[in-house]
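Dear colleague,

I am passing on the structure we spoke about, with the sequence alongside. Please keep both open while you read the notes that follow.

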Amino acid sequence: KWSGPYYTFVPLPDSFLRDGLSESPPHLLVRTKMDQGPDKVRRWGTANVRPIAGQQRMELTQVGILDTFYNDTLEGGALKFDWTHPRTEASVEFRFTAPPTYQPLKGNKWRTQIQLEVMP
């Protein structure tokens with residue numbers, strides 16, 4: 001279930017495939033190069049986005065729905081949306097960091113690559 005403030009349901013897969021799923025903790029450091037010696041490193045905040053990327057298998061009609069969801073509903077990925085986090089299974093806010101990409105598989109199936117960020 002993909003949802004947000006202007007929409008309530010999009011019939012797309014509920015989660016990513018485990019193969020190819022990646023997630024990173026938020027980047028919270030600033031590095032300053034020094035003329036000599038090691039870089040200076042300091043924490044610059046307590047919250048930042050958490051990158052997450054994965055794949056989904058979809059039917060051709062679902063690819064069209066995702067394309068419309070991204071381009072029209074989310075205004076080209078500018079708006080946030082609610083979805084279930086694939087690791088924690090909590091409902092959180094996401095935002096796309098890049099447009100989804102689509103690769104044809106056999107028959108009516110497609111592999112969709114999705115890059116998101118979990119909002120703090």
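Glutamate 75 lies in the loop between H1 and S5, where helices (H or I, at least four residues) and strands (E, at least two) are DSSP runs numbered from the N terminus. Its phi is near 50 degrees, a positive value in a residue other than glycine, and glutamate 75 is exposed, with a relative accessible area of 56%. For that term, buried means under 20% relative accessible area, exposed over 50% and partly exposed in between, with a 1.4 Å probe and protein chains only. This is a predicted model, in which local features need pLDDT of at least 70 and side-chain atom pairs count only at pLDDT 80 or more, while totals for chains, interfaces and linings use all residues. Residues are numbered from 1 along each chain as its sequence is written, and side-chain values use heavy atoms, with hydrogens and water left out.

Glycine 76 also lies in the loop between H1 and S5, and at a relative accessible area of 36% glycine 76 is partly exposed. Not counting residues up to four places away in sequence, glycine 76 touches Tyr70 and Asn71, contact meaning heavy atoms within 4.5 Å. The C-alpha atoms of glycine 76 and phenylalanine 96 are separated by 8.8 Å, the two residues being 20 apart along the chain.

A positive phi is also found in glutamate 89, about 65 degrees although this residue is not a glycine. Glutamate 89 is in the loop between S5 and S6, and at 64% relative accessibility it counts as exposed. The hairpin of S5 and S6 has 6 residues between the strands, and these strands pair in the antiparallel sense over 4 bridges, pairing being assigned if DSSP finds at least two bridges between two strands. Aspartate 82 stands opposite glutamate 93 in S6. S6 is in turn joined to S8 by 3 bridges, and these two run antiparallel, with arginine 95 opposite glutamate 117 in S8.

Leaving aside neighbours within four places in sequence, the contacts of leucine 116 include Phe16, Ile52, Phe81, Trp83, Phe94 and Phe96.

A search of the whole structure finds 6 aromatic pairs; rings of Phe, Tyr and Trp (its six-membered ring) pair if their centres lie within 6.5 Å, with planes under 30 degrees apart counted as stacked, over 60 as edge-to-face and the rest as tilted. The rings of tyrosine 70 and phenylalanine 96 have centres 5.0 Å apart and planes at 80 degrees, so this pair is edge-to-face. Because tyrosine 70 lies in H1 and phenylalanine 96 in S6, the pair ties together parts that are 26 residues apart in sequence. Tyrosine 70 is buried at 8% relative accessibility, as is phenylalanine 96 at 6%. Phenylalanine 81 and phenylalanine 96 form a tilted pair, 5.5 Å centre to centre with 35 degrees between the planes.
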